[in-house]
Amino acid sequence: LFLVKSYSESNLLDQGIKLCITGKLKKDFYSNQVRDIVRTHPGILLTGYVSENEKLDLYLNAIALLSPSLVEGFGIPVLDAACLGMNALVSDSDSHLEIQSIDDFKKYVHIAQTLDSFDWALGIQALVFQQKNLYANPSLERVRRLTRYNQKSSDIMKIFHTQINKLIIPKKAD
C-alpha cells in the first residue's frame, strides 16, 4: 500500500510509466486493499506469480526495482538488480544495507526510510530521470545489464568458492 501510494503521488502515469507489482497476493485484508486500489488505477499492474523467464524480462526492461519492505530476508531481488546495474530504491532494512555495502552496489542501491510516501515518490521520480538511457536505446541497456550480471555473478561465485574452500580444506601443519 505504501508503494502504491508513493507511485500515485509521483504522477509518473502522466509520463506513461507504470508500476508493476510482482508476486502472488494473498487472500487477506491487506492484499484485498491492494487489489481494490489497483482496479481503479490504470497505471498499476499486478502480475501474480512470475516465472523465471518473465522475471528476466522484467529485470531487463524495468526502469528500477522498488522494495519498501519493512521486513526482508536476504533481499535477492535487490541483489539481482545491483548485479544487473539496475537502480533500486529500497527500505533501510538490514539486508538492503548489507547488499548496498557489497562491491560497487552503492551506485545502484538507494536506501530510503519508509516514513513518508511523498519522499518515496520523489525518489522514484529521480530514478526515472536518471534512466533516460533506457528510453534512448533499450536493447543496448539490456545487453549492458546482462553483461554486467554475468560478470558480477562470476565474481560472487569465485569469492564464495574461495571462502568455502578455506572452511573445508584444513590448513597444513607447519
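My entries go from the whole chain to single residues.

**Ground rules.** I am working with a predicted model, where local features need pLDDT of at least 70, side-chain atom pairs count only at pLDDT 80 or more, and totals for chains, interfaces and linings use all residues. I number residues from 1 along each chain as its sequence is written, and my side-chain values use heavy atoms, with hydrogens and water left out.

**Whole chain.** I find eight helices and five strands in the protein chain; helices (H or I, at least four residues) and strands (E, at least two) are DSSP runs, numbered from the N terminus. Along the sequence I read the pattern α-β-α-β-α-β-α-β-α-β-α-α-α. The C-alpha trace spans about 70 × 40 × 30 Å along its principal axes. Of the 174 residues, 35% count as buried; buried means under 20% relative accessible area, exposed over 50%, and partly exposed in between (1.4 Å probe, protein chains only). I also looked at contacts, meaning heavy atoms within 4.5 Å. Among those between residues at least 6 apart in sequence, 60% join residues at least 24 apart.

**Surface.** The accessible surface of the chain comes to about 11,100 Å², and 59% of this belongs to carbon and sulfur atoms; the areas come from the Shrake-Rupley method with a 1.4 Å probe, and for residues only the protein chains shown count as cover. Which residues form a nonpolar patch on the surface? I noted Met157, Phe160, Ile164, Leu167, Ile168 and Ile169, with about 610 Å² of accessible area together. Patches are made of residues with over 30% relative accessible area and no salt bridge, like charges being joined within 9 Å and nonpolar side chains (Val, Leu, Ile, Met, Phe, Trp, Tyr) within 5 Å. Isoleucine 168 is found in helix α8 (residues 138-168) and counts as exposed because its relative accessibility is 60%.

**Cysteine 83.** Leaving aside neighbours within four places in sequence, I find cysteine 83 in contact with Phe105, Arg148, Tyr149, Lys152 and Ile156. Asparagine 150 is 67 residues from cysteine 83 in sequence, yet 8.2 Å away in space, C-alpha to C-alpha.

**Salt bridges.** How many does the structure hold? I have eight on my page, a salt bridge being a side-chain nitrogen of Lys or Arg within 4 Å of a carboxyl oxygen of Asp or Glu. Side chains of opposite charge can pair when their charged atoms come close.

- Aspartate 36 and arginine 39 meet at 2.5 Å, N to O, and both lie in helix α2 (residues 29-40), three residues apart, about one turn of the helix. Aspartate 36 is partly exposed at 44%, whereas arginine 39 is exposed at 62%.
- Lysine 55 and glutamate 52 meet at 3.3 Å, N to O, both in helix α3 (residues 52-61). Lysine 55 is partly exposed at 29%, and glutamate 52 is exposed at 56%.
- Glutamate 141 and arginine 145 meet at 2.9 Å, N to O, both in helix α8, four residues apart. Glutamate 141 is buried at 3%, and arginine 145 is buried at 0%.
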